[in-house]
Amino acid sequence: MGYQTELAELRKFTEKIEYYNYTNNALIYWDKITYMPKNAIEYRSKVMSFLAGEQYKLVSDRNLQKLIRYFKGNSRNDIVTNATIKKLIVSAENISAIPAEEYQEYVELIAVSEQIWAEAKEKNDFDSFRPYLVKIFDTFRKFAEYWGYETEVYDALLEYYVEDLNVEIVDSLAKEIKPVLIELLGKVEEKNAAEEGPKKIEIGPVSCEKQQAVWKMILRKIGFDFDSGRIDIGSHPTILTSSPDDVRVVNTFDENDFWGGIFNILHCGGRGVYKQSIDRNLMGTLLAEVPSFAMEEAVGRFYENIIGRSRGFWHYIYEPLTEILPELNEYTAQDLYESVNHAQPTLIRMDADELTYLLHVIIRYEVEKDIIDRKLRVSDLPKEWAEKYEEYLGIRPDNDKEGVLQDIHWAAGYVGYFPSYLLANVMAAQLADTMSKEIGDLNEIMLNDEFYKINDWLTENIYRHGSIYSSRELVENACKGEISSKAYTDYLRNKFSEVYKLF
């Protein structure tokens with residue numbers, strides 16, 4: 001058969017894989033966390049398991065493997081075909097590298113560990129979870145050996161989530177960022193203690209109807225297309241995508257957490273704009289999706305923090321916001337801007353403000369890496385965790401529920417995942433810095449009601465490419481230089497110096 005015939009056969013496989021992926025991981029899962037009746041969970045789990053199995057069969061199909069060998073390194077390939085083949089090879093290698101029996105044991109371990117973790121957290125009992133956590137870290141040391149690495153064991157775990165990411169890069173970023181955050185936090189806490197910082201504006205309770213009206217207004221203002229998407233209330237905030245024309249934002253509702261709802265919607269809505277803006281010609285190639293969680297998280301953080309906590313944004317939405325909630329008329333747009341930038345240490349990562357968030361992430365990275373490297377025993381984790389919180393944030397957890405048991409990540413098998421949050425925040429700031437140099441000050445753009453300029457720049461440089469390029473390639477191409485922490489630390493210094501009048 002000729003090249004074009006083989007290409008058509010490859011496309012049949014990639015389209016089918018996408019159909020299963022989008023159906024199972026997007027549409028069915030969306031229904032599961034939004035409208036599915038409680039009693040449907042057992043049968044729904046069987047359906048999802050079946051579809052995942054069918055997708056696995058396709059990925060490991062002998063004829064697909066034959067096509068991969070045909071196209072690998074083929075001089076007639078265009079950039080899209082090369083990227084598709086690379087993605088298939090990486091997926092196949094990750095699956096085939098681990099012996100089937102060991103992978104099945106891992107799946108069973110995680111299924112039990114999540115339940116044990118939830119019970120341990122509820123009872124504040126780390127010791128009951130500890131044996132499972134030991135097994136999880138032992139398992140990932142084995143997986144790292146199967147996947148392979150050049151320098152450090154932990155590199156293999158980082159590479160699984162973000163292509164081209166390694167310990168050297170993460171260590172360098174953390175080393176540059178950590179002292180800046182600790183220094184700024186010290187100055188901010190001095191202002192808070194003297195009651196010279198911005199005051200938090202408490203709003204609530206706010207009805208579900210009014211909060212949803214605010215969410216939809218914000219989504220429209222940041223460019224989310226409701227002809228290709230929707231917003232629903234579910235069990236946790238997320239974004240689920242069946243195609244660029246079917247993007248579903250899910251938010252949680254709490255009448256007493258108005259601000260949380262807004263920043264969730266900015267984060268998920270920004271990711272939604274990203275996914276709606278991917279080139280539709282990439283559908284059926286496995287490339288009409290983000291290249292990594294870190295890249296998607298970077299965009300979410302950009303909209304949530306760099307846009308959502310900016311002076312220009314609160315002027316941009318002030319009029320429609322106060323039309324929905326007239327009680328906010330007693331505050332100015334400047335008041336709201338300062339309020340959402342109030343910062344103070346907290347023990348819980350998910351409650352952390354923009355200034356302290358990465359200190360939580362860095363702590364998790366440091367202890368996780370030390371456990372993988374056998375420099376820290378799991379039994380000593382709670383003590384090490386508490387000491388790092390006291391050293392970096394000036395606060396110490398009284399128990400494991402508000403300490404080492406607060407995140408589900410390790411119990412769910414996400415070892416090597418936390419550094420993606422670090423990279424994401426750095427990339428978001430670097431993109432914003434480059435963007436402002438090329439299209440003008442972002443605050444002024446919003447004040448002039450020209451938000452489309454922001455999305456146009458991101459679409460041209462990031463969104464439309466899907467996963468043709470790696471996250472690192474996308475950012476370095478857009479910013480015309482290597483990923484660096486400078487834009488991020490400069491951004492935080494400038495922001496909190498202004499809000500807290502530090503200098």
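This is a predicted model: local features need pLDDT of at least 70, side-chain atom pairs count only at pLDDT 80 or more; totals for chains, interfaces and linings use all residues.

Student: Why is Lys-275 called buried?

Tutor: Buried means under 20% relative accessible area, exposed over 50%, and partly exposed in between, with a 1.4 Å probe and protein chains only; Lys-275 has 14% relative accessibility and therefore counts as buried. With contact taken as heavy atoms within 4.5 Å, and leaving aside neighbours within four places in sequence, Lys-275 touches Ile-239, Thr-241, Pro-244, Val-247, Val-290 and Glu-296.

Student: Which classes do Lys-142 and Lys-501 fall into, buried, partly exposed or exposed?

Tutor: Lys-142, in helix α6 (residues 126-147), has a relative accessible area of 48% and so is partly exposed. Lys-501, in the segment after α20, has 54% and is therefore exposed.

Student: What makes the phi of Lys-501 worth noting?

Tutor: Most residues other than glycine have a negative phi, and most peptide bonds are trans. Phi of Lys-501 is near 50°, a positive value in a residue other than glycine, and Asp-449 likewise has a positive phi, near 60°, in the loop between α17 and α18 (452-461). As for the peptide bonds, the one from Gly-204 to Pro-205 is cis, with omega near -5°, and Pro-205 lies in the loop between α8 and α9 (208-221).

Student: How do you know whether α8 and α20 are roughly parallel or roughly antiparallel?

Tutor: Axes are lines fitted to C-alpha atoms, for helices over the stretch in contact, and angles run from 0 to 180 degrees between N-to-C directions. Angles under 35 degrees count as roughly parallel, over 145 as roughly antiparallel, 65 to 115 as roughly perpendicular, and the rest as oblique. The axes of α8 (residues 167-193) and α20 come within 10 Å and cross at roughly 5°, and therefore the two helices are roughly parallel to each other. Among the residues making the contact are Leu-184 and Val-188 of α8 and Leu-492 and Phe-496 of α20.

Student: What makes a space a cavity rather than a pocket?

Tutor: On a 1 Å grid over the protein atoms alone, a cavity is a set of points where a 1.4 Å probe fits but cannot get out, whereas a pocket is an open set with protein on both sides within 12 Å along at least five of seven lines, and lining residues have an atom within 4 Å of a point. By this rule there are two cavities of 30 Å³ or more. The largest cavity has a volume of about 50 Å³, and its lining includes Arg-301, Glu-354, Ala-429 and Tyr-491. The second largest cavity holds about 30 Å³ and is lined by Val-404, Asp-407, His-409, Trp-410 and Phe-418.

Student: Which residues lie nearest the centre of the second largest pocket?

Tutor: They are Ala-429, Ala-432, Asp-433, Ser-436 and Tyr-491, out of 25 lining residues, and α16 gives the largest share of that lining, eight residues.

Definitions and conventions: Residues are numbered from 1 along each chain as its sequence is written. Side-chain values use heavy atoms; hydrogens and water are left out. Helices (H or I, at least four residues) and strands (E, at least two) are DSSP runs, numbered from the N terminus. Grid points are joined across faces, edges and corners, and a volume is the space filled by probe spheres set on the points.
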